[in-house]
Amino acid sequence: MKSFKKIVLFSSLLAVVSCNALVVSAHKGDFCEQGSVQVQPSDKSVVVDPEDPEDPEDPVDPGGSTNGDLRIDYISPLSFGKVKLKEKNRMYNSLATKIGNKGMSRGSFIQISDMRETKSGWKLQVKQEHQFKTPDNKELTGAVLSIDKGWANSIDDQNPPNVTRDTLSINNIGQVYDVARADKNKGSGVWSINFGASDHNDDGQPITLFKEKVSNADKESVIRNSAIALRIPDSTKIATKEYATKITWLLSETP
């Protein structure tokens with residue numbers, strides 16, 4: 001029987017205020033037993049720099065995780081922060097992920113650990129539960145969230161999982177989309193599934209991080225990731241309020 005790990009995130013797009021991400025649920029893994037010795041899998045692997053997996057780095061922003069010998073160790077909060085209301089060409093990019101004491105910027109990433117002896121494989125999927133909407137249920141009609149520039153990284157880069165390289169556009173609310181898959185004898189150990197990359201990466205990945213000026217007066221800027229985008233039709237009415245959606249990530253064993 002397949003085993004599922006589910007993690008639910010709230011992701012917000014705000015027109016005039018900031019937003020956050022919140023973990024709602026996670027499932028705990030079981031103990032493993034061999035002979036008369038009971039072995040408990042580590043609850044969590046150390047989170048590493050997704051572009052330099054030999055370097056342990058604590059994420060600045062809290063993220064979701066699950067337990068067990070097949071688990072999600074960390075998943076970047078999906079946030080768009082403050083954005084400007086535009087009449088046309090309404091395409092917004094997510095904020096970059098901050099890691100380490102120096103707040104280094106990276107693309108969005110999910111760290112997965114597969115410590116099972118069976119090495120039977122796994123798959124990662126995503127689903128958007130409902131459209132972006134305000135607390136009083138005003139929707140961003142026709143808004144589409146997309147994920148691009150997927151790649152996998154690990155200290156041991158042998159037998160990597162396959163990551164969706166084409167742009168994954170979530171056109172159908174409630175539909176489950178495949179993000180990454182590890183066939184039998186692949187994807188074991190600790191892997192980062194990344195969407196986008198900084199100029200720090202030495203894997204030849206396209207650079208998707210860029211600075212966006214927030215205030216001309218103060219010359220403030222934020223780092224955004226063009227690999228994650230939200231597109232809103234020009235005809236959709238947008239209020240200067242917070243809009244949020246619910247994203248579900250599913251990690252499951254494969255036969």
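## Aromatic pairs

Going by ring geometry, the count here comes to two aromatic pairs, and keep in mind that this is a predicted model. Take Y74 and F109: their ring centres sit 5.3 Å apart with the planes at 40°, so this pair is tilted. Y74 belongs to strand 6 (residues 70–75) and F109 to strand 11 (residues 108–114), so the contact ties together parts that are 35 residues apart in sequence. Y74 counts as buried at 3% relative accessibility, and F109 is buried too, with a relative accessible area of 1%.

Then there's F80 with F132, an edge-to-face pair at 6.5 Å centre to centre and 80° between the planes. F80 is in strand 7 (residues 79–82), while F132 sits in the loop between strand 12 (122–128) and strand 13 (144–147), so this pair links distant parts of the chain, 52 residues apart. Both F80 and F132 are buried.

## A charge over a ring

K86 puts its charged end over the ring of Y92, 5.2 Å from the ring centre.

## Cavities

Searching the whole structure turns up four cavities of 30 Å³ or more. The largest cavity holds about 130 Å³ of space.

What lines the largest cavity? There are 13 lining residues, with S76, L78, S108, I228 and W249 lying nearest its centre.

Methods: Residues numbered from 1 in each chain as written. Predicted model: local features only at pLDDT ≥ 70, side-chain atom pairs only at ≥ 80, totals over all residues. Heavy atoms only, no water. Phe/Tyr/Trp six-rings, centres within 6.5 Å; stacked < 30°, edge-to-face > 60°. Helix = DSSP H or I, 4+ residues; strand = E, 2+ residues; numbered from the N terminus. Buried < 20%, exposed > 50% of the residue type's maximum accessible area, 1.4 Å probe, protein only. Lys NZ or Arg CZ within 6 Å of the ring centre and 35° of its normal. 1 Å grid on protein atoms, 1.4 Å probe; cavity = no way out; pocket = protein on both sides within 12 Å on 5 of 7 lines; lining within 4 Å. Points joined across faces, edges and corners; volume = space filled by probe spheres on them.
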